[in-house]
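Reader: I am new to this structure and would like a close look at a single part of it. Please keep to one place and its surroundings before moving on.

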Amino acid sequence: MATIWDVLGIEPTTNEGEIRRAYARELKHRRPDRDPQGFQELREAFDGAKRYASSAEILPDEEAISTQEPQPTSMVEYVQQLMQEPTALSKAGWSREVLWHKAQELSTLLIQDELEGLGELHRYLDNDIPDSLEARQAFSQMLAEALSEQRWLYRSLLNEVSAVMHWQLDSYFSSYLPESVICALEQQITNTEQENYWQQLAIVYANNRYGQFKWRLLAEKGTAVPWWGRLAPDLLRQLAQQVNEIRQRYPALQERLNPLLLDALNKSERALSWEAVIAIVFWGYTAWLPGQESPKLALQSGLMLVVVAIFLWGYPILIRRFQTDGIAKSCVHSAFWLASMLILLTVFYRGWQGASAWQGSDMITMRILVIVLFLILPVGWVLWQRRTEWKTLPVQIVIFFMMFPVLLIRQLPPMVNLLGLMLLPMLYGFFIEMVYFVK
């Protein structure tokens, strides 16, 4: 059976400094993550030697280390034990200045070349670092501090270094690094992610002149939004979406945004969008198709355009205008609700009339079948799915009917857009003329 002195590799002694140096020397070969049983034996030997030194009594040779299977010691306990141990200097001694210089050198190399830096870090820990627990602890913290000062520190590199240095940054118990150093590392990683995001934005917007113009509005302070900016389809809306994304993901980058652009986005003035352009062309063409047949149909086509404009643009403006509860808001909702119900009920009524075209014994059956399949089932399904929004649901159904072809055309490829702008107005014009127009 090996005695405590055999495990430590020294002769029996009452010199605690020599015991600690032996413990530090053997600890490099009996790490808890690689050899938990060996580490347990070393720890018991170290505790026994300290008791021997403090009492100045020689322990019997027959007192051997327990052969029971030890429980593996976690890295957290291991790190805490190292921190609780008093200073153990190597025979050669060491300098904090030298360690700090090496930590700075390695941190710079790790940022410049990850593979070469990790290889140099392994070599230094295995061969060149002073043989001292305190030196290793000091170097570990110095390397973390040096990395926290390096720009372009990224998450995967920090994880690799943490695995080598046993920092356990991904653990709930983290590491024995000070909380301030851990926060500095996380802040540096956040800064790197922000810089990468900002540079990627600059590259994306640099692809064409229009993108470069949007980048100047977004990032160059003092660049004013031109008078025609609100007439350029989707210009301000795209910039507003980009600003919202920056605010949500990287709030610190808000300082780089153009204040004049933010002021323009905060104003309630409306700007032109591609949906609005397509809606104007679509509904204008839809109204022209039946309106060219006679003055009477032209008048009804003009009235249709007025109704569409009120629902698509007037309704949102009025809702924003009367945001707070009151008589005005109730009147707006009531008026649009009644108008929407009138539009929807007209469809039911004309559908019932159309179904009566079937004559004979099956007339009632066919009429009921058409009404159920094409009106009651789809409308009932929508009402049930959105039953909690019954107060605004009729208005939403009408607006959806008006915007559906616009949104569909907007999602199609450019060449298919033109085909959709020619065919869909014919379909909508035929349906609207059949249901709503009086000939």
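Is Tyr-428 buried or exposed? Please start there and describe what lies around that residue.

Author: This is a predicted model, in which local features need pLDDT of at least 70 and side-chain atom pairs count only at pLDDT 80 or more, while totals for chains, interfaces and linings use all residues. Residues are numbered from 1 along each chain as its sequence is written, and side-chain values use heavy atoms, with hydrogens and water left out.

Tyr-428 is buried, with a relative accessible area of 11%. Buried means under 20% relative accessible area, exposed means over 50%, and partly exposed is in between, for a 1.4 Å probe and protein chains only. Tyr-428 belongs to a cluster in which ring pairs also link Phe-282, Trp-283, Phe-401 and Phe-431. Rings of Phe, Tyr and Trp (its six-membered ring) pair if their centres lie within 6.5 Å; planes under 30 degrees apart are stacked, over 60 edge-to-face, and the rest tilted.

In the whole structure there are 15 aromatic pairs. One of them joins Phe-282 and Trp-283, whose ring centres are 5.2 Å apart and whose planes stand at 90°, so this pair is edge-to-face. Phe-282 and Trp-283 are both buried. Phe-401 and Tyr-428 make a stacked pair, because their planes are at 25°, with ring centres 4.8 Å apart. This pair links distant parts of the chain, 27 residues apart: Phe-401 is in helix H17 (residues 393–411) and Tyr-428 is in helix H18. Helices are DSSP runs of H or I with at least four residues, numbered from the N terminus.

With 36% relative accessibility, Val-416 counts as partly exposed. Val-416 is one member of a nonpolar surface patch, along with Met-415, Leu-418, Leu-419, Met-422, Leu-423 and Met-426; together they have about 680 Å² of accessible area. Such areas come from the Shrake-Rupley method with a 1.4 Å probe, and for residues only the protein chains shown count as cover. A patch takes residues with over 30% relative accessible area and no salt bridge, joining nonpolar side chains (Val, Leu, Ile, Met, Phe, Trp, Tyr) within 5 Å and like charges within 9 Å.

The charged pairs elsewhere can be set beside this picture. A salt bridge is a side-chain nitrogen of Lys or Arg within 4 Å of a carboxyl oxygen of Asp or Glu, and the structure holds 11 of them. Side chains of opposite charge can pair when their charged atoms come close. Arg-256 is partly exposed at 30% relative accessibility, and Glu-195 is buried at 18% relative accessible area.

Arg-123 has a salt bridge to Glu-120, with the closest N and O atoms 2.6 Å apart. About one helical turn separates Arg-123 from Glu-120, because they are 3 residues apart in helix H6 (residues 114–128). Arg-123 also meets Asp-128 in a salt bridge of 2.5 Å, N to O. Lys-102 and Glu-105 join Glu-120, Arg-123 and Asp-128 in a network of salt bridges.

Methods. Helix = DSSP H or I, 4+ residues; strand = E, 2+ residues; numbered from the N terminus.
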